[in-house]
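Subject: Handing over the structure

Dear colleague,

Please find below the structure that I am passing on to you. My notes on what was found in it follow directly after.

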Amino acid sequence: MTVAEFCVFGVVALYLLTIVPVKWIGYRKYDNAKPRDPAFYDDAIRARALGAHLNGIEAFPFFAVAVLLAEFRLGPLRLIDELAVLFLIVRIAYVFTYLGNRPRLRSILWNIGFTINVAIFFLPLIKGYLPG
């Protein structure tokens, strides 16, 4: 397995780790019979954790497809790996800015992450123009 493929798993783990601690810490108020109860997410930090979690779910498919397509189409593996690691780092920072209620920085990080995904996606197309 490549580093980028491990990063695909890391992105899944990240969006799960974004919500699990909030539910665990608030276990007395969290009802597993009603996991989507809006009342549980009335608290600001819980609401932001849910938002970061949902955004992680939304960001995952494009990232996974971009990595797999780039690898299947024989893009430069080292660059795919490096960009995938960078994407994971940006996503971690994104979660912290979401939880920390920093919307402007969060938007900047989201855009950086999206740009990284686009770059990974198009690496096979431009591989002939890259050095090495």
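The axes used in what follows are lines fitted to C-alpha atoms, for helices over the stretch in contact, and the angles between them run from 0 to 180 degrees between N-to-C directions. Please keep in mind throughout that this is a predicted model.

**Overall picture**

The secondary structure of the chain consists of 4 helices and 0 strands, which gives the pattern α-α-α-α when read along the sequence. Taken along the principal axes, the box filled by the C-alpha atoms is roughly 55 × 30 × 15 Å. The chain has 132 residues, of which 39% count as buried. Among the contacts with a separation of 6 or more, 73% are between residues 24 or more positions apart.

**How the helices pack**

I begin with α2 and α3, whose axes are 9 Å apart and which pack at an angle of about 170°. Angles over 145 degrees count as roughly antiparallel, and α2 is therefore roughly antiparallel to α3. On the α2 side the contact includes Ile45, Arg48, Ala49, Asn55, Phe63 and Val67, while on the α3 side Leu77, Ile80, Ala84, Phe87, Arg91 and Tyr94 are among the residues involved. By class, the residues of this contact divide into 14 nonpolar, 3 polar and 4 charged.

Helix α2 (residues 44-72) also meets helix α4 (residues 103-126), and here the axes come within 7 Å and cross at roughly 25°. Since angles under 35 degrees count as roughly parallel, α2 and α4 are roughly parallel to each other, and their crossing is left-handed. The residues that make this contact include Asn55, Ala59, Phe62, Phe63 and Val67 of α2, together with Trp110, Phe114, Asn117, Ile120 and Phe121 of α4. In this contact there are 13 nonpolar residues, 2 polar ones and no charged ones.

The axes of α1 and α3, for their part, come within 8 Å and cross at roughly 10°, so these two helices are roughly parallel to each other. From α1 the contact draws on Val3, Ala4, Cys7, Gly10, Val11, Leu14 and Thr18, and from α3 on residues including Ile80, Ala84, Val85, Leu88, Ile92 and Val95. The contact of α1 with α3 has 12 nonpolar, 2 polar and 2 charged residues.

**What lies inside**

In soluble globular proteins, nonpolar side chains tend to be buried together. In this model, the largest nonpolar core has 24 residues, and the members that touch the most other members are Phe63, Val67, Ala84, Ile116 and Ile120. The elements that give two or more residues to this core are α1 (3-25), α2, α3 and α4, with the largest share, 9 residues, coming from α3.

Which residue in the loop between α2 and α3 deserves a look of its own? Leu74 lies in that loop, and its phi is near 60°, a positive value in a residue other than glycine. Most residues other than glycine have a negative phi, and most peptide bonds are trans. With a relative accessible area of 63%, Leu74 is exposed.

A positive phi is also found for Asn101, again near 60° and again in a residue other than glycine. Asn101 lies in the loop between α3 and α4, and at 45% relative accessibility this residue counts as partly exposed. Gly100 lies in the loop between α3 and α4 as well, and Gly100 counts as partly exposed at 43% relative accessibility. Although Gly100 and Arg48 are 52 residues apart in sequence, they are 8.4 Å apart in space, C-alpha to C-alpha.

Finally, Thr97 is found in helix α3 (residues 77-99). Buried means under 20% relative accessible area, so Thr97, at 7%, counts as buried. Not counting residues up to four places away in sequence, Thr97 touches Arg102, Leu105, Arg106 and Leu109.

With kind regards

Methods: Residues are numbered from 1 along each chain as its sequence is written. This is a predicted model: local features need pLDDT of at least 70, side-chain atom pairs count only at pLDDT 80 or more; totals for chains, interfaces and linings use all residues. Side-chain values use heavy atoms; hydrogens and water are left out. Angles under 35 degrees count as roughly parallel, over 145 as roughly antiparallel, 65 to 115 as roughly perpendicular and the rest as oblique. A crossing is left-handed if the near helix is turned anticlockwise from the far one by less than a right angle, and right-handed if clockwise. Contact means heavy atoms within 4.5 Å. Ala, Val, Leu, Ile, Met, Phe, Trp, Tyr, Cys and Pro count as nonpolar, Asp, Glu, Lys and Arg as charged, and the others, Gly among them, as polar. Buried means under 20% relative accessible area, exposed over 50%, partly exposed in between (1.4 Å probe, protein chains only). A nonpolar core is a set of buried Ala, Val, Leu, Ile, Met, Phe, Trp, Tyr and Cys residues joined through side-chain atoms within 4.5 Å.
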